[in-house]
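Visitor: I have a structure open and would like to learn how to read it. Could you walk me through a few features?

Guide: Gladly; let us look at it together.

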Amino acid sequence: MTEPEPNPATDADARRRRQQWLDALGRGERGRLRLAAGAATLSGWLLVGQAAAIAVAVQAVVVEGRAPEALLPAFAALAVVLLARAALGWLAQEAAGSASERIRLRLRGQVYRHLLRAGPLWLRRRRGGELAELMLTHTDALDAYYAGYLPVRTEVVAVPLGILAAVFFADWIVGLVLLVTAPLVPLFMMLVGWGAEAAGREQLDELGRMSGHFADRLKGLGLIRVYGRAREELAGIATAVEGLRVRTLKVLRIAFLSSAVLEFFASVSVAVVALYFGLGYLDLVHLRDAVPTLGTGVFCLLLAPEFFAPLRRLAAHYHDRAGALAAAAALEARLGGLPDPDATAAPVAGAGPRGEAPAVVAEALCLRPQGARRPVLEGLDFVLPAGGRLALIGPSGCGKSTLLDALAGWLPAEGGRLVLPVQARVGHAGQRPYLFPGSIADNLRLARPQATRAELEAAAEAAQVMRFAARLPQGLDTVIGERGFGLSGGEARRVGLARIFLRDPALVLLDEPTAFLDPATEADLLDALARFLRGRTLVMATHSAAATRLADCVLRLPEGRLLCDAPAVADDLETAR
């Protein structure tokens, strides 16, 4: 299958759209960016004074033979100019660096909010390593654009014009040489820039793929060792690194090529100026009525390289612009669109006050898990009144967890209608609750960061977390690894349930909350849960007869039969066992 040929019009529109997005992203730091550009421009203009002071000193010593003390004013002026340029250079770097840092921090927040709005279902279809790179490498790729390219873009217009005016005033022939050679540089930079942007985009894409591949392998490192796949995985990582190396060298090759051509044009221009003065002083060329003075020659020769210095810096940072556009393209491709640069933190559904206990209604509901070829639930109908308790029972794979995912808003319905409590606060405790590296207390505070120590301990006691936490070296402050490393499956589920107690939700979704618990612990947990559920709506997937008795009605899946005699169903479950 051949790839479609790029459409120049479409590519130009996309490039223009990304450039407008970069400009909008830096709108909030426009003051600092203007300060950086102004300081850099003023520092460039002071080069004229610096060259004039040196030229006056050379003319006075070599040609006029003045005493050293007569040069004090020129040296004083030179010292002032050098100090002023040093201060302006520091100010430009400080302002540009501060603006770039603030822009990148803001962009990370915008990317994070974009991921939150995309939702769990969208996130499950993406690789975690690649998404992490969006907030790291791809965001950092904008640093040199704002800290380097934007200030130089202003400097490259203003400084050469000031130097050109000064040189024309001193010697119009030298000014004409600089004026003729200058347009060749931006023309070549424009031609090379298109290739640099494409190469930079390929490099960032390859870096994202490699990061995603490496992050996924780190998560499954234990499994890779158990199945003896270490050698093959190392070979895969080596292949990914080799692809990144090739694309990085391609970017460097383009950068070195453009720099070499720029240096060639600049060197030829300076050499022509030096040849003009040298032949004039040797009385071999007469392009003017009078031979320029030595001071004029020194002045023009000092400014000739400086005339191209902003162009050199622009050439170096022009690749930063290409890299920023490539990063914007990668963000657009990964996120399905560029983050809104003016977006503010939007409220998350169910994140506000608890609200009243909601009712849940399903009509001809059709649900299909992610990656499945056919729906696992079809034509499902039930009504759960506000404050009701519904137990989901059935064999493994019948769709209990799928229905809970849909109620949590993580899975869209393929057919039918599901009325969800949009404004009510939702609490969900799954079979494999995600636990972050850190203490157990830190993982509990995920539900309510402002919770007091007493509230943490009360929630942990109600969820039977203290039964095992009391035996740990530091209790709730004991540090666990990623995904709850250091805890058993049942202990991790109890931590997830303790989050529910802390969150104080109106709709409670539980997936096998009492699995792997001994009868005594299960009984204590169900007693605490019964007290907690007053005034709340519950939907719970379970295989436990004791947990089923907590419900008002039972929904048997996959056929979708709603049974209102929960104790009788629980007795049947016990008998079946």
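Guide: Let us start with E512, which sits in the loop between β8 and α17 (519-532). Helices (H or I, at least four residues) and strands (E, at least two) are DSSP runs, numbered from the N terminus. This is a predicted model, in which local features need pLDDT of at least 70 and side-chain atom pairs count only at pLDDT 80 or more, while totals for chains, interfaces and linings use all residues. Residues are numbered from 1 along each chain as its sequence is written, and side-chain values use heavy atoms, with hydrogens and water left out.

Visitor: What is the phi of E512?

Guide: Most residues other than glycine have a negative phi, and most peptide bonds are trans. E512 has a positive phi of about 50°, although it is not a glycine.

Visitor: Is E512 buried or exposed?

Guide: Buried means under 20% relative accessible area, exposed over 50%, and partly exposed in between (1.4 Å probe, protein chains only). E512 has a relative accessible area of 8%, so it is buried.

Visitor: Which residue besides glycine also has a positive phi, near 60°?

Guide: D504 does, with phi near 60°. D504 belongs to the loop between α16 (489-503) and β8 (507-511). Its relative accessible area is 27%, so D504 is partly exposed.

Visitor: And where is there a cis peptide bond?

Guide: Look at the bond from L557 to P558, which is cis with omega near 10°. P558 is in the loop between β10 (553-556) and β11 (561-563).

Visitor: Now the sheets. In what order do the three strands of the open sheet come?

Guide: Two strands pair if DSSP finds at least two bridges between them. Here the order is β2-β1-β4, with antiparallel pairing. β2 (377-384) and β4 (415-419) are at the edges with a single partner strand each, so one side of each has no neighbour in the sheet. From one strand to the next, the twist averages 15°.

Visitor: How many bridges join β1 to β4?

Guide: Four bridges join β1 (residues 360-367) to β4, and the two run antiparallel. As a landmark, find A362, which stands opposite L418 in β4.

Visitor: Which helix lies across these strands?

Guide: Helix α12 (residues 400-407) lies across β1, β2 and β4, and runs at about 120° to β1. Axes are lines fitted to C-alpha atoms, for helices over the stretch in contact, and angles run from 0 to 180 degrees between N-to-C directions. Contact means heavy atoms within 4.5 Å.

Visitor: How many salt bridges does the structure hold?

Guide: A salt bridge is a side-chain nitrogen of Lys or Arg within 4 Å of a carboxyl oxygen of Asp or Glu. The structure holds 20 of them. In one of these, the side chains of E363 and R417 meet at 3.0 Å, N to O. E363 is in strand β1 and R417 in strand β4, so this pair ties together parts that are 54 residues apart in sequence.

Visitor: Which residues are linked in a network of salt bridges?

Guide: The network links E29, R32, R102 and R106. Between E29 and R32, the closest N and O atoms are 2.9 Å apart. E29 counts as buried at 2% relative accessibility, while R32 is partly exposed at 33%.

Visitor: Which residues make the nonpolar surface patch?

Guide: Patches are made of residues with over 30% relative accessible area and no salt bridge: like charges are joined within 9 Å, nonpolar side chains (Val, Leu, Ile, Met, Phe, Trp, Tyr) within 5 Å. Accessible areas come from the Shrake-Rupley method with a 1.4 Å probe; for residues, only the protein chains shown count as cover. Here F168, W172, L176, L179 and V180 make a patch of about 470 Å². Helix α7 (residues 172-181) gives the largest share, four residues. W172 is in helix α7, and counts as partly exposed at 48% relative accessibility.
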